[in-house]
Each structure stands twice: as C-alpha cells, then as structure tokens.
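Please look over the sequence and the model before reading on.

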Amino acid sequence: MDKIIVNSHAKINLCLDVTGRRDDGYHEVEMIMAQCGLCDSITIEKMPSGITLKTNLGFLPTDERNIAYKAAQAFFSACGISGGAAIDIAKRIPVGAGLAGGSGNGAAVLIGLNKLYGTNLTPEQLCAIAVSLGADVPYCVLGGTMLARGIGEVLTPLPSLPRTAVVLVKPPFSVSTPSVYKKIDSTGLKRRPDAVLLTSALKQRDVSLLASNMVNVMEEVTVPMHPIVGRIKQDLLNSGALGALMSGSGPSVFALFDSYEQAKKAAAPFRKRFFTYVGWTR
C-alpha cells in the first residue's frame, strides 16, 4: 500500500470545566468529548524522503507550522524511519472553530503513516507521539466518547454518545484559545459541569438528560467577548434543541435534536450568514 485516505472528524465538547492552573502555565481541565460526522479527508502517499503538504485552503501554512506536517516529522523521528510522505488535506471543518480540526489532522497523519509503513504501533504508542503535538491530539487518535483530564491528555473511555442529530454553527471569526484561558483565571465561574451526571446519562443512553445538563465554563469568557455566540445558542434552543453548547473556546455552537428533520429546520436560518452543518454524532 502506497497511498491511504484517513478522515478526521470534528470534536464537540459535551462539557468543559477548567479545574486549575499548573506551575508551567497550562490549565487543568475536565471535559467530555465526542465527535460528529463533519470531517476533513487526509490523503497520504509514501515518498522516498521528505515531507510535502498541501490543502484546499490557501491561507493555511504547509510547513512546520502545520500540525499535520509536525505529526509526520514526529512519526518518522519516533520510528527511526527515513521515508517520507506527501500529505493532501481536504478541509471541511472550519479553522479556529473550537472543533479540533487541526488536532484531528495531526492524529489522522499519525494513523495513516502507521498503516502505510506497517509500523504496527498501538493506539497507546500513537498517543505518546500525539501528546507532543497538542493536548487534543491523543483524543483525536482514539476518537469516540471520552472523559479527558490533565491538560486534556489523560483519557478515559465512556459509553458512546447515541447517534443523535446535530447542528453546528460557526460565525465568521475565530477565538484565541490562549486569550480565553488567560481571562478565565479572573472570572468567577457561575456554573460548572457535572461530569458524573453526564457519564450516568451516557450509561443510560439518555440524550435528553445529557443535553439539558451540558455546561462549558469557557462560555462565560467567550460570550461577553462575542455576544453573537450566545445569540446563536439561544436561537438553537428556541428552535427546539434538546440542548446547545459552545464547543471548546468557541466560537462554534452545536445543538442536539430529537430528529434530523428538526435539526434541518433549525439550521435553515443560519445558512446564509454562517458556516452551518447538519448531520449526526458518531
């Protein structure tokens, strides 16, 4: 096999809490993550040497500044392989959206190269490489529904989120995650998520209970900075969503619905102004 295509799926946070700050400046978190059907496609081709990268978005870097490029470097270094790779990323996940699009691309490159080169690294070994690339990359290697602690790299599998209709809406700007973390230290958080309750809802396969108890503490920073995020969330709730939440540090908002038809109807008003996706959770 000389070529492989790997899809990397958008991540959504069913809850996100910031539980402390470490001496090295990183923040401790507790969050439950899942994925939806929205994905990028990464084509990887074996090359005798070197790494090349291209994407369908002209503004994205295609060198060491791109996490997918870094992932290839890290893989070859960790495995002691002198081969190379030509990487072509078809982006569908919005950039800077709080959906782990870049992290997913990095994870997909690790997974793809592992198969192309027959290195047979275990998921745990891939995660050991992934953590050097970013806190969300190990999760993107494993996928599924996970409880994440530490800086996001300590992962515990949870019962899968039942297949549920989902709407994603991203307004036309990005949010700086470091700036949100910086402000959250001085924010008196009013409501924190109950990961135990959400885990119980997942075990019971009770999407309504889960959706009505989703909390992301970063909303308390991002929404005052960008009120449109709060308006999108409220509009989705008013349209009959079981629950709605900002993903990551934003600005994307997702909502869970009883039916795909409901989701399509709720998404319609956003399509002319914002990136909008209607599909399913995974």
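Two residues are in contact when heavy atoms of theirs lie within 4.5 Å. The model is a predicted one.

**Helix 1**

Helix 1 covers residues 67-79, which makes 13 residues. At 1.5 Å a residue the helix should span 18 Å, and its end C-alpha atoms are 18 Å apart, so the two values agree. Just after the helix, glycine 80 has a positive phi of about 65°.

The buried residues of helix 1 are Ile67, Ala68, Tyr69, Ala71, Ala72, Ala74, Phe75 and Phe76. Their packing partners are strand 3 (51-55), strand 4 (84-90), helix 2 (101-116), helix 3 (123-130) and helix 4 (137-142).

**The annotated binding site**

An unreviewed UniProt entry places the feature "binding site" at Pro94, Val95, Gly96, Ala97, Gly98, Leu99, Ala100, Gly101, Gly102, Ser103 and Gly104. From this set, the lining of the largest pocket takes in Pro94, Val95, Gly96, Ala97, Gly98, Leu99, Ala100, Gly101, Gly102 and Ser103.

Leucine 99 sits in the loop between strand 4 and helix 2. Neighbours within four places in sequence aside, leucine 99 is in contact with Ala10, Lys11, Ile12, Ile93, Pro94, Leu168, Ser247 and Ser252. Glycine 102, in turn, belongs to helix 2. With neighbours within four places in sequence again left out, glycine 102 is in contact with Ile67 and Lys91. Ile67 is also listed among the buried residues of helix 1.

**Cysteines**

A disulfide is a covalent bond between the sulfur atoms of two cysteines. How many disulfides does a search of the whole structure find? The search returns zero. Cysteine 15 is in no disulfide, and the nearest cysteine sulfur, that of cysteine 140, is 16 Å away. For cysteine 79, the closest cysteine sulfur belongs to cysteine 127 and lies 14 Å away, which is too far for a bond, because a disulfide needs the two sulfur atoms within 2.5 Å.

**Accessibility**

The table gives relative accessible area for residues discussed above.

| Residue | Relative accessible area | Class |
|---|---|---|
| Leucine 99 | 2% | buried |
| Glycine 102 | 33% | partly exposed |
| Cysteine 15 | 1% | buried |
| Cysteine 79 | 24% | partly exposed |

Leucine 99 and cysteine 15 count as buried because that class means under 20% relative accessible area.

How values were computed
Residues are numbered from 1 along each chain as its sequence is written. This is a predicted model: local features need pLDDT of at least 70, side-chain atom pairs count only at pLDDT 80 or more; totals for chains, interfaces and linings use all residues. Side-chain values use heavy atoms; hydrogens and water are left out. Helices (H or I, at least four residues) and strands (E, at least two) are DSSP runs, numbered from the N terminus. The expected span of a helix is 1.5 Å times one less than its number of residues. Buried means under 20% relative accessible area, exposed over 50%, partly exposed in between (1.4 Å probe, protein chains only). UniProt positions are given in the numbering used here, feature names are shortened, and annotations may be inferred rather than shown by experiment. On a 1 Å grid over the protein atoms alone, a cavity is a set of points where a 1.4 Å probe fits but cannot get out, and a pocket is an open set with protein on both sides within 12 Å along at least five of seven lines; lining residues have an atom within 4 Å of a point.
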